[in-house]
Amino acid sequence: MSRNKIALIGGGQIGGVLSQLIAQKRLGDVVLFDIVEDLPQGKTLDIAEASRIDLFDVSVKGTNDYKDISDSDLIIITAGLPRKPGMSRDDLLVTNAKIIKNVAENVKRYSPDSIVIVISNPLDAMVTLFQKTSGIPVNRVMGQAGVLDSSRFSTFIAWELGVSVKDVNAMVLGGHGDTMVPITRYANVCGIPVMELLERKYHDKSKAIEVMEAMVNRTKLAGGEVVKLLKTGSAFYSPASSAFVMAEAILFDEKRLLPTCAFLNGEFGVKGYYVGVPAVLGAEGVENIIEFTLNDEEKHAFDSSIQAVKDLISDIDRLGL
Ligand code: TXD
């Protein structure tokens, strides 16, 4: 059996951390592509030189030549600019759309049978543009955002309740923007609703609601909180870890249920758009979308999130990107 081949398009912060994670966890051979000369070669040489210490023998290769991504099993795309303080993800639209279009044309040419995870922002619009340009079937193209947003939400819940984050389950759906939708109703610690635990902690229902709202807001703005601290770019460790679990679910055919930016064909009342929903990931990519009934408040939030995604897509069309 041959090893998986994983191509990473974009050798910046997320691409670099992902290369190291994939190598250390021996998920497959890595090809790290970037347009900047020597950058991917330098990063992968550095990572490879730790192979004796980390005990991996997968290959980690940097390149500026798209030919090297040929016949990859999985492609993860981080090409594009990150945010700077004061910028929204949507401010990246014009620059990143041009980059993603170029990446999609090259993936179509050199590795059209791959499964693709897009990470570049504004996420939902970039996944849509990538899929349209590459023509790769919708179930084989998806975006990473929900795994990260859900992990951020879970982390805040664990800190608030003083429990291990391993026992927290919480999901964030919708678009990867400020309109994302943390599902508070189903957030739980080992099956016990977080709302109930908060009410017990504070002996006061309105205080519990207030604390939950604060965690929801922090989750929605979590990307910006990191950008503000870093000053020169956006989060990269946690996005890399998030893409890694999706890659693992696909390459090991795990059928994991992960919040994924997936193409909807009527599910959740949405047709023809990519947006964050619970999806089963396996060898075929997005194998199934798991629907559940949203209550009125969630439905309203989900609808505004979809509207924000639709607006970005129509901007892409209007600007002829
Ligand atoms: O959860 C999520 N989806 C995200 C997304 C969380 C955090 C950041 N997210 C977005 O990922 C961020 O807004 C950016 O759009 C991407 C990549 O973030 P990263 O922090 O890795 O950005 P870098 O360090 O600037 O790296 C981008 C690389 C850089 O090395 C460029 O030279 C390269 O992209 N680049 C290109 N590669 C290939 N082809 C083209 N055309 C190209 N243009 C730039």
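Let me start with helix 1 and helix 10. Helix 10 covers residues 237-251, and the axes of the two helices come within 9 Å and cross at roughly 50°. This is a predicted model, so please keep that in mind throughout. The crossing of helix 1 past helix 10 is right-handed.

Which residues meet there? On the helix 1 side they are Ile-14, Val-17, Leu-18, Leu-21 and Ile-22. On the helix 10 side they are Tyr-237, Pro-239, Ala-240, Ser-241, Ala-243 and Phe-244. By class, this contact of helix 1 with helix 10 has 10 nonpolar residues, one polar and no charged.

Helix 2 runs over residues 39-48, and Pro-40, Thr-44 and Ile-47 in it are buried. Why do they line one face of the helix? Looking down the axis of helix 2, the buried residues fall within an arc of 55°, so they sit along one face. As a general point, an α-helix has 3.6 residues a turn, so residues three or four places apart point the same way. What covers the buried residues of helix 2? The cover includes helix 1, residues 13-24, and helix 3, residues 51-54. It also includes two strands, strand 2 at 29-33 and strand 3 at 60-63.

Now to another pair, helix 7 and helix 8. Helix 8 spans residues 205-220, and it packs against helix 7 at an angle of about 125°, with the axes 8 Å apart. That makes helix 7 oblique to helix 8. Their crossing is right-handed. From helix 7, the contact takes in Val-194, Met-195, Leu-198, Glu-199 and Tyr-202. Helix 8 brings Lys-205, Lys-207, Ala-208, Ile-209, Val-211, Met-212 and Met-215. How do these residues divide by class? The contact of helix 7 with helix 8 has nine nonpolar, no polar and three charged residues.

Is Arg-200 buried or exposed? Exposed means a relative accessible area over 50%; Arg-200 has 58%, so it counts as exposed. Along the chain, Arg-200 and Glu-291 are 91 residues apart, and their C-alpha atoms are separated by 31 Å.

Methods
Residues are numbered from 1 along each chain as its sequence is written. This is a predicted model: local features need pLDDT of at least 70, side-chain atom pairs count only at pLDDT 80 or more; totals for chains, interfaces and linings use all residues. Side-chain values use heavy atoms; hydrogens and water are left out. Buried means under 20% relative accessible area, exposed over 50%, partly exposed in between (1.4 Å probe, protein chains only). Helices (H or I, at least four residues) and strands (E, at least two) are DSSP runs, numbered from the N terminus. The arc is that of the directions from the helix axis to the C-beta atoms. Contact means heavy atoms within 4.5 Å. Axes are lines fitted to C-alpha atoms, for helices over the stretch in contact, and angles run from 0 to 180 degrees between N-to-C directions. A crossing is left-handed if the near helix is turned anticlockwise from the far one by less than a right angle, and right-handed if clockwise. Ala, Val, Leu, Ile, Met, Phe, Trp, Tyr, Cys and Pro count as nonpolar, Asp, Glu, Lys and Arg as charged, and the others, Gly among them, as polar. Angles under 35 degrees count as roughly parallel, over 145 as roughly antiparallel, 65 to 115 as roughly perpendicular and the rest as oblique.
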